[in-house]
Amino acid sequence: MSVLNNAQQNAVAELLRVSPLADELGRRFGAAGHELHLVGGSVRDALLGRLGDDLDFCTDARPEQTLEVVKGWADAIWETGREFGTIGIQKNGLRIEITTFRAEAYDGVTRNPVVSYGSSLLDDLSRRDFTINAMAVSLPGHEFTDPFGGVADLASRIIRTPAAPQISFGDDPLRMLRAARFAAKLRFTVDPSVVAAMRDMAADLDRITAERIRDEFTKLMCGADPIAGLRLLVDTGLADRFLPEISGLKLEIDEHAQHKDVYEHTLIVVTNAMRLEGDSGPDFVLRMAALMHDVGKPATKAVGRDGRVSFHHHEVVGARLTKQRMKALKYPKDLISDVVGLVALHLRFYGYGRGEWTDSAVRRYVTDAGPLLSRLHKLTRSDVTTRNRRKAGQLAADYDALEERIDRIAAEEDLARVRPDLDGNAIMELLGVPPGPIVGQAWRYLKELRLDRGPLDRDEAEAELYKWAREQGHIA
């Protein structure tokens, strides 16, 4: 019991950091005849010594009663979650959510939770997803409540459900995906009984909206160990419900026969990409592109007469599949565009080491990547997973050389903003044409010329424009 007692003491000590404000709020609720408890992830994070500035509380007060308690005290109030029993406030830089005790369940048909208010703290804790999120600290008295052994599970780094997992997942099937997310976030092990229920009930995830699945999956991908979460999704069949392309990679041997399947290669690429993220934190676009970069391989697999496997144009097919899948998950258009762009470009570098690239090819590489260039560098380097040290070293040296060449050309030209040497106004003036399709065609021709030959002086650009216009029959 000493470990558990110490853990509880650590949680209360961490709570003391925000205690004056939390206790003040607790006294306000008490004076109004209501309970207030710090709960869920806030208690879990306090036990782990990482309590942040977002605090979750639960209370027996109804939302309208909560509003009465916090009005005049909170710096700001928002009611966007009121229909779910939640009132949000801000106070002294802390973001606080206060939720009425509730019992939340699905009717087995609809995709959204049915919310009804509960009557006690124990009822509220019993409906929560996992034992590590089913603990509470009462305010202002700091009484610790842990009816389902959450502290012990936290110490053992185990993810279990308060009730039988079949009941918990039946109430909200998204909790199956959340189990994988917490495995990725906390580097915890999911209890075997929970894994078995995830496998048996995977099809129930179909009851959940794409948006809720998307949000959980994004959090999983941005966790400390997304590989553990991804393996759990694939092994339980959950991935088949919303991201079947990943499971499908297990059927394919990579073209170099260096990995038992493309799936294992893909997980290594994701890990490699994470190492290149730097100090800026998780980069979902880069991680998602690494995960999806080879999903076009199953559809493009071919075996030559020599028995070698190839996947010609798998980047094109993969980009299309990635766009379809991310659209189905309701990701924003700009984010889809970035991930799809990286998947489409991830093979462009190969061949550079054979000396085939001209300065024109380098310009096009930079121009096509645009603002994604730094991520493309990281993805391309991450894709080198061969166990042949000589080959890996050569590919790394080749990419070093490409980056140096990009820097050299960039110093001589404005590669970040490749534009034709004549703008639209100059084209209209020189050709004597009004705004319209001809101007756009001329502009694109001059841009291609700029990519091929680099900057042209004014006389060269005008001569090329006139030559093109005569060939197209726009001038005599």
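## Close-up views of a predicted model

**Figure 1. The loop around Gly-81.** Gly-81 is found in the loop that runs between β3 and β4 (86-91). This and every other view below come from a predicted model. Gly-81 has a relative accessibility of 16% and therefore counts as buried, the limit for that class being under 20%. Ile-98 is 17 residues away from Gly-81 along the chain, and the C-alpha atoms of these two residues are separated by 9.9 Å.

**Figure 2. The open sheet of seven strands.** The strand order is β3-β4-β5-β2-β1-β8-β9, and the pairing in this open sheet is mixed. At the edges stand β3 (76-78) and β9 (144-145), each of which pairs on one side only. Strands of a sheet pair through backbone hydrogen bonds, and the sense can be parallel or antiparallel. Both senses involve β2 here: strand β2 (residues 54-59) pairs with strand β5 (residues 94-100) in the parallel sense, and with strand β1 (residues 36-39) in the antiparallel sense.

**Figure 3. Bridges made by strand β2.** The parallel pairing of β2 with β5 extends over six bridges. Along it, Asp-54 stands opposite Arg-95 of β5, and Asp-56 stands opposite Glu-97 of β5. In a regular strand the side chains alternate between the two faces of the sheet. The antiparallel pairing of β1 with β2 extends over three bridges. Leu-36 has Thr-59 in β2 as its bridge partner.

**Figure 4. The largest pocket.** This pocket holds about 1400 Å³ of space. It is lined by 36 residues, and those closest to its centre are Glu-97, Arg-102, Arg-178, Arg-181 and Lys-219. Elements that each supply at least two lining residues are α3 (41-47), β2, β5, β6 (102-105), α8 (174-186) and α10 (210-221). Helix α8 gives the most, with six residues. By class, the lining of the largest pocket divides into 19 charged, ten polar and seven nonpolar residues.

**Figure 5. The largest cavity.** Rolling a probe the size of a water molecule over the atoms shows where empty space is left. One cavity of 30 Å³ or more is present in the structure, and the volume of the largest cavity is about 40 Å³. Its lining consists of Phe-217, Leu-230, Leu-233, Val-234, Ala-239, Phe-242, Leu-243 and Ile-246. Helices α11 (226-236) and α12 (239-242) each supply at least two of the lining residues, and α11 gives the most, with three. The lining of the largest cavity has eight nonpolar residues, with no polar and no charged ones.

**Figure 6. Charged side chains over aromatic rings.** Two contacts of this kind are shown. Lys-91 has its charged end over the ring of Trp-73, 4.9 Å from the ring centre. Arg-181 lies over the face of Phe-182, 4.6 Å from the centre of that ring. Arg-181 is also one of the residues closest to the centre of the largest pocket.

**Figure 7. The stacked pair Phe-284 and Tyr-331.** The count of aromatic pairs, with ring centres within 6.5 Å, comes to four. In the pair shown, Phe-284 and Tyr-331 are stacked, at 5.5 Å centre to centre with 25° between the planes. Phe-284 belongs to helix α15 (residues 284-292) and Tyr-331 to the loop between α17 (314-328) and α18 (333-345), so the pair ties together parts that are 47 residues apart in sequence. Both Phe-284 and Tyr-331 are buried.

**Figure 8. The stacked pair Tyr-445 and Trp-468.** Tyr-445 and Trp-468 are stacked, with 5.9 Å from centre to centre and 25° between the planes. Tyr-445 lies in helix α23 (residues 437-453) and Trp-468 in helix α24 (residues 458-471), and the pair links these distant parts of the chain, 23 residues apart. Tyr-445 is partly exposed, with a relative accessible area of 25%. Trp-468, at 6% relative accessibility, counts as buried.

**Figure 9. Helix α19 and its end.** The buried residues of helix α19 (residues 359-369) are Ser-360, Val-362, Arg-363, Tyr-365, Val-366 and Ala-369. An α-helix has 3.6 residues a turn, so residues three or four places apart point the same way. Gly-370 follows α19 and has a positive phi, near 55°.

Note on methods
Residues numbered from 1 in each chain as written. Predicted model: local features only at pLDDT ≥ 70, side-chain atom pairs only at ≥ 80, totals over all residues. Heavy atoms only, no water. Phe/Tyr/Trp six-rings, centres within 6.5 Å; stacked < 30°, edge-to-face > 60°. Helix = DSSP H or I, 4+ residues; strand = E, 2+ residues; numbered from the N terminus. Buried < 20%, exposed > 50% of the residue type's maximum accessible area, 1.4 Å probe, protein only. Lys NZ or Arg CZ within 6 Å of the ring centre and 35° of its normal. 1 Å grid on protein atoms, 1.4 Å probe; cavity = no way out; pocket = protein on both sides within 12 Å on 5 of 7 lines; lining within 4 Å. Points joined across faces, edges and corners; volume = space filled by probe spheres on them. Nonpolar A, V, L, I, M, F, W, Y, C, P; charged D, E, K, R; others polar. Pairing = 2+ DSSP bridges.
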